[in-house]
Amino acid sequence: MTALAPPQDQVTSRSLPRVVAASLIGTTIEWYDYFLYGTAAALVFGKVFFPTSDPLTGTLLSFLTYAIGFAARPLGALVFGHFGDRIGRKRLLVVSLLLMGGATTLIGCLPTYRQVGVAAPVLLTVLRLVQGFALGGEWGGAVLLVSEHGDAKRRGFWASWPQGGAPAGNLLAAGVLSLLTGLQSDATFLAWGWRVPFLLSALLVGVGMWIRLSVDESPLFQQALAAQKARGTVEQPPLVAVLRHHWREVLTAMGARMAENISYYVMTTFVLAYAVGHVHLPKQTALNAVLIASAVQFALIPVFGALSDRVGRKPVYLVGAAGVGVWAFVFFGLVDTKSFGSLVLAVTVGLVFHSAMYAPQAAFFSELFQTRMRYSGASIGAQFSSVAAGAPAPLIATALLKDYGSATPIAVYVAIASVLTLIAVLCARETRAAELS
């Protein structure tokens, strides 16, 4: 006789805080690794790995390697989603953390272009692909592990905590780089200082592994797996089931990600290259602005998550999508003033609107899919859209700036993404208080 998992309320009361902490810390470490690359691409990699190009072209090429990492995220979503729906969420999260940390640490060991020529950017690109593959599987597992432990009434609040790993990781990455640029000369930083944050990843991954291995598997997944074994039926592969039964929900998730993804990478990654290369602000000034804004966002994400429990996922998401579309036109004007206060205001308000989308996203996407195909559905919807949204965002923004010499076309680009997200969310069903079982 198959033993069923313990009731969800018993598991929740015992392990939810630990699961939330493990998901938050794990996603913070993975996003630290991922954003560290984006920040370094904006400030360092053009000079270290593409030194034969002019500065703006070098930045464009380094952002190209940054974008290539997104190409591996859908593959990660497919592989991790399949096995996450087959054998459980926890094991796959351990694998994703090891892959991400290993790739990031190796980036810190890479030779430069002047040392080995074209092999340097090739190796950089390969490791970026590994990062993308790992992150493609990380997000879905982390948010589902929390969503499936929590109750329907406060799911938006609890599931938003892993989302806090993105600003926390960005905060950590920008903070370490800001500290190093403040303590070192430009020559020292370019020579070896930029490697320190990448090598630091090995220590962080050790901490993350210790915490992740201590949490329980999702009780809903255990119950669904036990029920399937008791029936003795043969299930369709999760990918096939998702595309057959939930293709509308996949399209909803993809559309909902457009404004969220594009606005974030424009306002946190591209803004570094824009502020330093176009407006001619010091690197540390730009990094400090992102640092402050990320701290504010980290504090706001659980607030917007809790708000989505009270008023619904859609209203909160729609406010964020409309807000970034309008704010994009104000954003670059504030950066162009060359004032640190204006730069902080520009990035902070942009991330406030982004938080209104990002916070309810975890619960919203989890509630769209059934348990035995939830990892695949949420991951596919989230990561396939990143190829069209987040991947090319800094690249497109840099190309538009190079062609037009103005940030207005970039603001229009963000506004178009905002319209696409508004349409997708308006057409979606409200999922607040849905029972995941």
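Helices here are DSSP runs of H or I with at least four residues, numbered from the N terminus. The model is predicted. On that basis, Lys338 is found in the loop between helix H16 (313–336) and helix H17 (340–366).

Lys338 has a positive phi of about 65° although it is not a glycine. His280, likewise not a glycine, also has a positive phi of about 65°. Most residues other than glycine have a negative phi. His280 sits in the loop between H14 and helix H15 (283–311). With a relative accessible area of 60%, which is over 50%, His280 counts as exposed.

Ser263 belongs to helix H14, which covers residues 247–278. Because its relative accessible area is 1%, under the 20% cut-off, Ser263 is buried. A polar atom of the Ser263 side chain lies 2.7 Å from the backbone oxygen of Ala259. Leaving aside residues up to four places away in sequence, Ser263 touches Val324, His354, Met357 and Val414.

The accessibility values of the two residues are set out below.

| Residue | Relative accessible area | State |
|---|---|---|
| Ser263 | 1% | buried |
| His280 | 60% | exposed |

Helix H18 runs over residues 374–388. Its 15 residues, at 1.5 Å a residue, should span 21 Å, and the end C-alpha atoms are 22 Å apart, which agrees. H18 is mostly covered, since 12 of its 15 residues are buried. Among the buried residues of H18 are Arg374, Tyr375, Ile380 and Gln383. Ser376, Ser379, Ser385 and Ser386 are also buried in this helix.

Technical notes. Residues numbered from 1 in each chain as written. Predicted model: local features only at pLDDT ≥ 70, side-chain atom pairs only at ≥ 80, totals over all residues. Heavy atoms only, no water. Helix = DSSP H or I, 4+ residues; strand = E, 2+ residues; numbered from the N terminus. Buried < 20%, exposed > 50% of the residue type's maximum accessible area, 1.4 Å probe, protein only. Polar contact = N/O pair within 3.5 Å; in protein donor to acceptor, adjacent residues only side chain to side chain. Contact = heavy atoms within 4.5 Å. Expected span 1.5 Å × (residues − 1).
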